[in-house]
Amino acid sequence: LSLAAPAFAAGDATKGEADFKKCKACHSIIGDDGTEIQKGGKTGPNLYGVVGRAAGSVADFKYSEVMTEAGAKGLIWSEENLTSYLPDPSKFLEETSGDAAGKSKMTFKLTKGAEDMAAYLASVAAK
């Protein structure tokens, strides 16, 4: 009996960029040099360079305890784990941490297009 991991389907960054309007109420994307890539809210952390960054690590942002702990234990955001996180953030953190009480502050669930959003977020980072 062999178990195969599900294949990761690459997303479409252009579709993800168009869908970012769903995220703008809480998140912005501001480059390291201050360039405003996506104007948005400050309820959530800046998503510039999120792919490749440790979870819960934006300075001066107040994350949930479980998110901060996940980053401290080595959770680095990738397209793959963002694709898993976006449809149900609290469930992802619960499964990742093993902490049933651990909840994400992000209550929005991106039920469709998570792979596209992850591809877009991967595209907005320092090159």
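Predicted model: local features only at pLDDT ≥ 70, side-chain atom pairs only at ≥ 80, totals over all residues.
Student: What is phi of Asp60 near, in degrees?
Tutor: Most residues other than glycine have a negative phi. Asp60 isn't a glycine, yet it has a positive value, near 65 degrees.

Student: Let's step back to the whole chain. What pattern does the chain follow, read along the sequence?
Tutor: You'll find five helices and two strands in the chain. Going along the sequence, they come in the pattern α-β-β-α-α-α-α.

Student: What is the radius of gyration of the chain?
Tutor: For 127 residues the globule rule gives 14 Å, and the chain comes close to that, so it is as compact as a globular protein of that length. Along the principal axes, its C-alpha atoms fill a box of roughly 50 × 30 × 25 Å. The radius of gyration itself is 14 Å.

Student: And the confidence: which helix has the highest mean pLDDT among the elements of the chain?
Tutor: For the chain, the mean pLDDT is 90, and 91% of the residues reach 70 or more. Over residues 1-8, though, the pLDDT is below 50, and that stretch has three contacts in the model beyond near neighbours in sequence. Among the elements, α4 (residues 89-97) has the lowest mean, 91, while the highest, 97, belongs to residues 114-123, which is helix α5.

Student: Now the inside. How many residues does the largest nonpolar core have?
Tutor: Of the 127 residues in the chain, 39% are buried. In the largest nonpolar core, the residues with the most contacts inside it are Phe20, Ile29, Trp77, Tyr85, Met117 and Leu121. The size of that core is 25 residues.

Student: Which helix gives the most to this core?
Tutor: There are several contributors: α2 (65-72), α3 (79-85), α4 and α5 each supply at least two residues. One of them gives five residues, the most of any, and that is α5.

Student: How many of the 10 residues of α5 are buried?
Tutor: The buried ones are Ala114, Asp116, Met117, Ala118, Ala119, Tyr120 and Leu121. What covers them includes α1 (13-19), β1 (29-30), β2 (36-38) and α3. Helix α5 is largely enclosed by the rest of the structure, because the number of its residues that are buried is seven.

Student: With which side chain does the side chain of Gln38 make a polar contact?
Tutor: Gln38 has its place in strand β2, and it is buried, with a relative accessible area of 9%. Leaving aside neighbours within four places in sequence, its contacts are Glu17, Phe20, Lys24, Ser28, Ile29, Ile30 and Tyr120. The polar contact, at 3.1 Å between side chains, is with Tyr120.

Student: Back to the core: which residues is Tyr85 in contact with, leaving aside its neighbours within four places in sequence?
Tutor: Tyr85 is one of the residues with the most contacts inside the largest nonpolar core. Beyond those sequence neighbours, the residues in contact with it are Met67, Trp77, Phe92, Leu93, Ser104 and Met106.

Student: How far apart in space are Asp99 and Val66, C-alpha to C-alpha?
Tutor: Asp99 has its place in the loop between α4 and α5, and it is partly exposed, with a relative accessible area of 30%. Not counting residues up to four places away in sequence, it touches Val66 and Glu94. Val66 is 33 residues away from Asp99 in sequence, but the C-alpha to C-alpha distance is 7.8 Å.

Student: Last one: what does the count of disulfides come to?
Tutor: A disulfide needs two cysteine sulfur atoms within 2.5 Å. The sulfur of Cys23 has its closest cysteine sulfur in Cys26, 8.6 Å away, so the two are too far apart for a bond. Cys23 is buried at 14% relative accessible area, whereas Cys26 is partly exposed at 32%. The disulfide count is zero.

Methods
Residues numbered from 1 in each chain as written. Heavy atoms only, no water. pLDDT = per-residue confidence, 0-100. Helix = DSSP H or I, 4+ residues; strand = E, 2+ residues; numbered from the N terminus. Contact = heavy atoms within 4.5 Å. Core = buried A, V, L, I, M, F, W, Y, C linked by side-chain atoms within 4.5 Å. Buried < 20%, exposed > 50% of the residue type's maximum accessible area, 1.4 Å probe, protein only. Polar contact = N/O pair within 3.5 Å; in protein donor to acceptor, adjacent residues only side chain to side chain. Rg over C-alpha atoms; globule rule 2.2 N^0.38 Å.
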